[in-house]
Amino acid sequence: MAKNASSSSSSSMQKINREDDELLLDGSESGWVEARTHCDHLDSLSPDLIHIPTPNTSCSRCEHPKENWLCLCCKEVLCSRFVNKHMLQHYQHQQHNLALSFSDLSVWCFSCDAYLDVQAIVPLRPAYETAYILKFGQPPPFRSVD
Ligand SMILES: [Zn+2]
Ligand SMILES: [Zn+2]
Ligand SMILES: [Zn+2]
């Protein structure tokens with residue numbers, strides 16, 4: 001089985017940020033974690049994910065300047081567990097379980113304890129697409145259905 005194949009047909013695989021590898025290790029024996037294509041926790045998604053903060057927004061608690069996470073439930077921007085864990089604390093206190101990484105635009109579900117496939121899970125697309133455009137200035141290359 002090809003892992004990390006560079007063929008264009010495998011673009012569904014989430015690019016996992018290096019710093020997040022550590023985060024995946026505790027849940028995974030395989031060492032390779034594919035993003036989930038299903039999540040039961042989408043009820044908490046914000047109804048408006050077209051208007052979101054820009055990817056260079058600081059953590060709203062500690063002002064950490066970059067590579068923060070966007071809460072997809074209330075659109076608060078908070079830092080990662082490698083900084084001051086404000087997004088993790090936000091989940092623990094508010095039960096807001098869906099977050100988008102501004103560093104690699106992956107979506108993490110705290111309840112699934114897994115990354116989610118933003119192409120397969122349609123409700124996640126608006127936030128992903130908007131964040132992508134804000135970050136790169138063009139729409140994302142959604143995989144074609146061929
Ligand atoms: Zn913070
Ligand atoms: Zn929130
Ligand atoms: Zn979930």
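A residue counts as buried if 20 or more other C-beta atoms lie within 10 Å of its own, as exposed if 12 or fewer do, and as partly exposed in between, with C-beta atoms placed from the backbone. In a regular strand the side chains alternate between the two faces of the sheet.

This is a predicted model, in which local features need pLDDT of at least 70, side-chain atom pairs count only at pLDDT 80 or more, and totals for chains, interfaces and linings use all residues. Residues are numbered from 1 along each chain as its sequence is written, while chains are lettered from A and ligands numbered from 1 in the order in which they are written.

**Overall layout**

- The protein has three helices and five strands. Helices (H or I, at least four residues) and strands (E, at least two) are DSSP runs, numbered from the N terminus.
- Along the sequence, the pattern reads α-β-β-α-β-β-β-α.
- Of the 146 residues in the protein, 28% are buried.
- Take the contacts between residues at least 6 apart in sequence: 54% of them join residues at least 24 apart. Two residues are in contact if their C-beta atoms, placed from the backbone, lie within 7 Å.

**The sheet**

- Five strands make an open sheet, ordered E2-E1-E3-E4-E5, with antiparallel pairing. E2 and E5 are at the edges with a single partner strand each, so one side of each has no neighbour in the sheet.
- Two strands pair if DSSP finds at least two bridges between them.
- E1 and E3 run antiparallel and are joined by three bridges. Here tryptophan 69 stands opposite serine 101 in E3.
- E3 also pairs with E4, antiparallel, over three bridges. Alanine 99 has tryptophan 108 of E4 as its bridge partner.
- A hairpin is formed by E3 and E4, with five residues between them. In the turn, leucine 105 has a positive phi of about 65 degrees.
- Three bridges link E4 and E5 in the antiparallel sense. Cysteine 109 faces alanine 114 in E5.

**The core**

- The largest nonpolar core holds 29 residues, and Leu70, Ala99, Leu100 and Val107 touch the most other members. Two or more residues each come from E1 (69–71), E2 (77–78), H2 (86–94), E3 (98–101), E4 (107–109), E5 (114–116) and H3 (125–136).
- A nonpolar core is a set of buried Ala, Val, Leu, Ile, Met, Phe, Trp, Tyr and Cys residues joined through C-beta atoms within 7 Å.
- Which residues does leucine 100 contact, leaving aside its neighbours within four places in sequence? They are Trp69, Leu70, Leu72, Leu105, Val107, Ala127, Tyr128 and Ala131.

**Helix H2**

- His86, Met87, His90 and Tyr91 are the buried residues of H2. They span an arc of only 145 degrees around the axis, so they sit on the same side of H2. The arc is that of the directions from the helix axis to the C-beta atoms.
- These buried residues pack against E1, E2 and E3.
- Gln92 and His93, on the other side of H2, are exposed.
- Glutamine 95 follows H2 and has a positive phi, near 60 degrees.

**Glutamate 34**

- Glutamate 34 lies in the loop between helix H1 (18–25) and E1.
- Is glutamate 34 buried or partly exposed? Glutamate 34 is partly exposed, because 14 other C-beta atoms lie within 10 Å.
- Glutamate 34 and alanine 114 are 80 residues apart along the chain, yet their C-alpha atoms are separated by 8.6 Å.
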